[in-house]
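Subject: Structure handover and notes

Hello,

Here is the structure you will be working with. Please open it next to this email and follow the notes below.

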Amino acid sequence: MDHHCPWINNCVGHFNHGHFTAFLASAVCGCIISCVTLACSLYYGLNRTWYEYYGTGREPRVILTLWSLLASLLGLGLAIGVVIAVGLLLFFQLRSIYRNQTGIEDWIIEKANYRHRHSDIKFKFPYNLGARNNIKQVLTWSCIPQGDGITWTVAEGTDQYTLTREQLCQKAEKRERAREYEVIHNYSGAIFPISQGLSVCCRPPCTDEPRIRLTKGDKVSVTRWKKYWMYGDKIVGANQSRVRGWFPRRVAVEVTAHEHYHSESDRNVGKRVAAATESRSAAAGSLVGAHEKRRRNDALRQEESKKKK
C-alpha cells in the first residue's frame with residue numbers, strides 16, 4: 001500500500017496505483033486546458049473594445065457580463081489551484097514509481113540509513129530495479145501492473161524478506177530506547193487541551209494518530225518525543241487491549257530520571273556527609289595534637305626551671 005486517499009475513499013496500492021496516477025494526470029491536464037481557455041476568454045473579453053476598433057476582425061468576440069466575468073475568474077482560480085495541488089501529488093507519485101518505493105517504505109529506508117550510518121554495510125532497498133524496470137512494473141497501457149502483489153522481483157543481493165527483517169530490527173531498537181513515564185496530572189484525551197496551556201494547544205502533532213486518556217498514577221512506555229507532546233503505549237494489564245497514542249508532555253515525568261535524580265541526590269548527600277565527617281575528624285585530630293604539643297612544651301619548661309634552681 002502507498003497511502004490512503006480520502007478523495008477517492010480508497011487506499012492506493014499495487015493494483016490501482018497505475019489507475020490513480022492516470023487519474024491525477026488527467027485532472028492536471030484537464031485543468032491546464034481550462035486555465036488556457038479561461039485566460040484567453042478573459043483576455044479577449046476585457047479587450048473587446050480595442051479589438052473592435054484596431055483588430056483585424058478575425059479575433060474571437062467574447063462578451064462578458066458581470067456574472068460571466070465573476071464565474072470565469074472563479075473557475076480560473078480553482079483550475080490553477082487544482083493544477084498546483086494535484087500537480088504536486090502527481091509529482092510525488094511519479095517519483096515513487098521511478099524509485100519503486102511507497103510512502104511507507106520512504107520512512108523505513110530513512111530509518112534504515114540512519115541505523116546503518118556508522119556501519120560499513122549499507123542497507124540496500126530490495127525493490128529498486130532501475131528506473132526503466134521500475135516504471136514498466138506500474139505504468140502500462142491498461143494500467144494493470146505486473147506481478148500478483150505477493151511475490152516481487154527483487155534486486156541482486158536481497159530477497160523477499162529483506163525489508164521485513166529491517167523493520168523487525170527497527171522495532172526492536174525502538175523498544176530498547178523506550179522510556180517509562182508516570183502520569184502526574186489527569187488528561188482527558190482532547191485534541192486541543194486548553195487546560196494544558198496555550199503552547200500545547202496550538203502545537204499539536206500533525207498526525208491522525210489518536211490521543212489517549214490518562215489519569216494520575218498511570219504509566220506509559222514512550223517511544224516518540226516532541227517539544228510539547230509524547231507518543232507511547234499505556235502500560236495495562238495482561239487481559240486488557242493495547243492503548244497507545246499522543247499526550248501532552250507536561251502531564252508525565254520520566255520514572256527512570258526521577259529515580260536517577262534521587263539516587264544521585266542520595267549519593268551526593270552521602271559524599272557531603274562523609275566529607276564533613278572527615279573534616280571534623282581532621283579538625284579534632286589537629287586540636288588533640290596541638291594540645292599534646294602544648295603539654296609537652298610546658299613539661300620541658302618546668303624541667304628547665306628546676307635545673308636552674
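Start with arginine 179 and glutamate 254, whose side chains meet in a salt bridge at 3.8 Å, N to O. A salt bridge here is a side-chain nitrogen of Lys or Arg within 4 Å of a carboxyl oxygen of Asp or Glu. Arginine 179 lies in strand 3 and glutamate 254 in strand 7 (residues 252-254), so this pair ties together parts that are 75 residues apart in sequence. Helices (H or I, at least four residues) and strands (E, at least two) are DSSP runs, numbered from the N terminus. Arginine 179 is partly exposed, with a relative accessible area of 35%. Buried stands for under 20% relative accessible area, exposed for over 50%, and partly exposed for values in between (1.4 Å probe, protein chains only).

Before going on, note that this is a predicted model, in which local features need pLDDT of at least 70 and side-chain atom pairs count only at pLDDT 80 or more, while totals for chains, interfaces and linings use all residues. Residues are numbered from 1 along each chain as its sequence is written, and side-chain values use heavy atoms, with hydrogens and water left out.

Other salt bridges

How many salt bridges does the structure hold? There are eight salt bridges. One of them joins glutamate 173 to arginine 115, with the closest N and O atoms 3.4 Å apart. Glutamate 173 belongs to helix 6 (residues 162-176) and arginine 115 to helix 4, so the two tie together parts 58 residues apart in sequence. Both ends are partly exposed: glutamate 173 has 32% relative accessibility, and arginine 115 has a relative accessible area of 24%.

Aspartate 233 forms a salt bridge with arginine 242, and their closest N and O atoms are 2.6 Å apart. Aspartate 233 counts as buried at 19% relative accessibility, whereas arginine 242 counts as exposed at 59%. Salt bridges that share partners also join Arg115, Glu166 and Glu173 into one network.

The nonpolar core

Which residues touch the most other members of the largest nonpolar core? They are Leu214 and Phe247, in a core of 16 residues. Strand 3 (179-183), strand 4 (219-225), strand 5 (229-234) and strand 6 (243-248) are the elements that give two or more residues to this core. Strand 5 supplies the largest share, three residues. A nonpolar core is a set of buried Ala, Val, Leu, Ile, Met, Phe, Trp, Tyr and Cys residues joined through side-chain atoms within 4.5 Å.

Surface patches

Lys111, Lys171, Arg175, Arg177 and Arg244 form a positive surface patch. Lysine 111 sits in helix 4 (residues 103-115) and is exposed, with a relative accessible area of 52%. Ile80, Ile84, Leu88, Phe91 and Phe92 make a nonpolar surface patch of about 490 Å². Of these, phenylalanine 91 lies in helix 3.

Patches are made of residues with over 30% relative accessible area and no salt bridge; like charges are joined within 9 Å, and nonpolar side chains (Val, Leu, Ile, Met, Phe, Trp, Tyr) within 5 Å. Lys and Arg count as positive and Asp and Glu as negative, while His and the chain ends are not counted. The place of a charge is taken as NZ of Lys, CZ of Arg, CG of Asp or CD of Glu. Accessible areas come from the Shrake-Rupley method with a 1.4 Å probe, and for residues only the protein chains shown count as cover.

Leucine 73 is found in helix 3 and is partly exposed, with a relative accessible area of 45%. Leucine 73 and alanine 39 are 34 residues apart in sequence, and their C-alpha atoms are 8.7 Å apart in space. Isoleucine 97 also lies in helix 3, but counts as buried at 2% relative accessibility. Its C-alpha atom is separated by 8.6 Å from that of glutamine 137, 40 residues away along the chain.

Asparagine 9 has a positive phi of about 55 degrees although it is not a glycine. Asparagine 9 is in the loop between strand 1 (3-5) and strand 2 (10-12) and counts as exposed, at 64% relative accessibility. Asparagine 100 has a positive phi near 60 degrees, again in a residue other than glycine. Asparagine 100 lies in the loop between helix 3 (66-99) and helix 4, and counts as buried at 16% relative accessibility.

Regards
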